[in-house]
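Please open the model in a viewer and keep the selection tool at hand.

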Amino acid sequence: MTRKSVNRILILLAHPSLDRSEVNGPLAQAAADIEGITLVDLYAEYPDFQIDIDREQQRLLNHDVIIFQHPLYWYSTPAILKEWQDLVLEHDFAYGSKGTALHGKLFLNALSAGGAEAAYRAEGYNHFTIRELLQPMEQMASLCGMRYLPPFALFGARTAVDEGRIEHHIDNWIELLKALRDQKLDIETAQNLPRLNSDLNQIIKET
């Protein structure tokens, strides 16, 4: 593969206790084994939250697809990803009249949620869909000129191992990452889905 034929993917992993993770840990390991993926464990790299802004901005410049991978904490990200956004996405870098560094890049969340999918709808106890709850991320991407994709989400994460759902989810994750890398994802169709893994066959092109 030539450099022009593939997307470079940056995964910013945020899990404060990754060693006890039953979902994000295996997903991260699977991603790390794929050629062309840069995986950054933010809690391991910045245990004191002293984020290196220049390093992180250079990482963004060096990649075409930006992914926040995390468990859903209080309908958002773990704290370090909020700190990362506050520090790294500077005016005149990520937004503003001179802030064009991220224009055209793809952005998505890859997340695990403890509740069942039925809880994430108007009639459920969370009252909103997962995509609706992530609208601050969608607007962040929009302000930065990035192309937003719906989340790659696993619901019922607390029981996923016992119910034997992890392996299939990892297989879908690998399939999605390779499609993003090899530019085989139908972006226009994908943007309208409630979540990316609702039907991968619908959005991954054969050629």
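On a 1 Å grid over the protein atoms alone, a pocket is an open set of points where a 1.4 Å probe fits, with protein on both sides within 12 Å along at least five of seven lines; lining residues have an atom within 4 Å of a point. A volume is the space filled by probe spheres set on the points. This is a predicted model, in which local features need pLDDT of at least 70 and side-chain atom pairs count only at pLDDT 80 or more, while totals for linings use all residues. Residues are numbered from 1 along each chain, and side-chain values use heavy atoms, without hydrogens or water.

Select Pro71, Leu72, Tyr73, Gly114 and Arg158: of the 21 residues lining the largest pocket, these are the closest to its centre. The volume there is about 550 Å³.

Next, select Lys82, Gln85, Asp86, Pro136 and Met140, which lie nearest the centre of the second largest pocket among its 16 lining residues. This pocket holds about 290 Å³. Helices (DSSP runs of H or I, at least four residues) and strands (E, at least two) are numbered from the N terminus. The largest share of this lining, four residues, comes from α6.

Now move to α3, residues 53–61, where Glu56, Gln57, Arg59 and Leu60 are buried (under 20% relative accessible area, 1.4 Å probe, protein chains only). They lie on the same side of α3, because their arc around the axis is only 155°, taken from the directions to the C-beta atoms. Show β1, β2, α2, β3 and α4 to see what these buried residues pack against (heavy atoms within 4.5 Å).

Conventions:
Buried means under 20% relative accessible area, exposed over 50%, partly exposed in between (1.4 Å probe, protein chains only).
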